[in-house]
Amino acid sequence: MSHSPFLDLKSINAAYRDELIEVCTRVIDSGWYILGEEVASFEKEFSDYCGAEHCIGVANGLDALTIVIRAWKELGLLASGDEIIVPANTYIASILAISENSLTPVLVEPSLETYNINPEHIKEAITSRTRAILPVHLYGRLAEMPAIMAIAKKYDLLVLEDCAQAHGASLNGQKAGNWGDAAGFSFYPGKNLGALGDAGAITTNNTELAKLLRTLSNYGSQQKYKNDYKGVNSRLDELQAAILRVKLRHLNAEISARRHVADSYLNGIQNSLISLPSRPPLKQHVWHLFVIRCQQRELLQKHLAENGIQAMIHYPIPPHHQQAYKEFKEYSFPITEQIHKQILSLPMGPTLSENQVASVIAACNSFNDSD
Ligand SMILES: *Cc1c(COP(=O)(O)O)cnc(C)c1O
């Protein structure tokens, strides 16, 4: 039996150990640790990767989203109490970025087919206070951006992409982070492009916005000790930027490895009790997570565990059932609730071996009701 951890970060980073040590040494010896050449170089390399004009490094993915909304408030494009449309089944951070800015998150059901926000339901949720859409490329699959951008254009709404799970996903040659007015990325260690600690970035093609984002994230200051805004301290460290530069060079190879695992699962798992994720055009999905659905989810998770396979749930409680958002507890989102009850994430990562993949497939296929 081949043991399969859900995500083996140690083996992912071990592959680059020598390169990582080399760049860490370079930063240590430079004597410069905040906002220096590593951050500037990473910002250039990552904006090139995404095809976006600007990249601003920040401390984490939540800050990336929060600071964009804050900047739009400073520019007078948003005001407290305005509504932002966001998928009901997202990770809590997408929603926190909205409420943190005293705006109202309007939760919208995803499609069961893609797990991403359903453009049809976006239209129904638009009111006179709606100012923006925050689509999330959940699990690594680019949301239906052509339809979402068409709605945004028609109703004059801003679009903030949550790309925390989708570095490198693309549709019609256009990458995540280069569709909306701005985008937030996370480089949390478990993300597809992961630092060795917290890190994040914003991309945008708007030069005025980029300048303001840079200022807001550095104490609202453009010139040391002169503060133009009540800003925050949310900067990307030199050390993390240097590490991310190494890992960015390997990102496409890692995405290919993830696609290979996904392909094997899609071809190999055949069990009427398990619903597989739909297969989108190749480049649209970077398979941050491989999420299946099963009505007997707890039994399946236990069966996999007995076979040495660690499967996890992303996410066990929908945002509208969280204590933190008790104001939403009367809301009903049947598709979101069904998703949260039935989903299970299989092991996924660039270092899973053929043996591990085969054992996951075998264990899924041997699951039955009487387990
Ligand atoms: C991870 C994640 C975030 C937040 O990123 P952090 O770096 O952990 O702050 C935001 N949105 C989604 C969808 C995420 O998965």
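Mentor: In this predicted model, G200 has a relative accessible area of 0% and is therefore buried, the cut-off being under 20%. G200 belongs to strand 9 (residues 200-204). Leaving out residues up to four places away in sequence, G200 touches I56, G57, V58, A59, N60 and G61, together with F185, S186, F187 and L236. H3, by contrast, lies 197 residues from G200 in sequence and 32 Å from it in space, C-alpha to C-alpha.

The nonpolar cores come next. The largest nonpolar core comprises 67 residues, and I69, Y265, F290, L304 and L346 have the most contacts inside it. Helix 4 (residues 61-74) gives the most to this core, with 7 residues. L346 is in contact with F6, Y265, I269, F290, I292, L304, V360 and C364, neighbours within four places in sequence being set aside. Another core, of 43 residues, lies apart from the largest one and has F42, Y49, C163 and A166 among its members.

The axes of helix 2 (residues 17-30) and helix 9 (residues 238-268) come within 9 Å and cross at roughly 150 degrees. Because angles over 145 degrees count as roughly antiparallel, helix 2 is roughly antiparallel to helix 9. The crossing of helix 2 with helix 9 is right-handed. On the side of helix 2 the contact is made by E19, L20, V23, C24, R26 and V27, and on that of helix 9 by E238, L239, A242, I243, R245, V246, R249 and H250. By class, this contact has 8 nonpolar, 5 charged and 1 polar residues.

Key
Residues numbered from 1 in each chain as written. Predicted model: local features only at pLDDT ≥ 70, side-chain atom pairs only at ≥ 80, totals over all residues. Heavy atoms only, no water. Axes fitted to C-alpha atoms, helices over the stretch in contact; angles between N-to-C directions. Helix = DSSP H or I, 4+ residues; strand = E, 2+ residues; numbered from the N terminus. Parallel < 35°, antiparallel > 145°, perpendicular 65-115°, else oblique. Left-handed = near helix turned anticlockwise from the far one by under 90°. Contact = heavy atoms within 4.5 Å. Nonpolar A, V, L, I, M, F, W, Y, C, P; charged D, E, K, R; others polar. Core = buried A, V, L, I, M, F, W, Y, C linked by side-chain atoms within 4.5 Å. Buried < 20%, exposed > 50% of the residue type's maximum accessible area, 1.4 Å probe, protein only.
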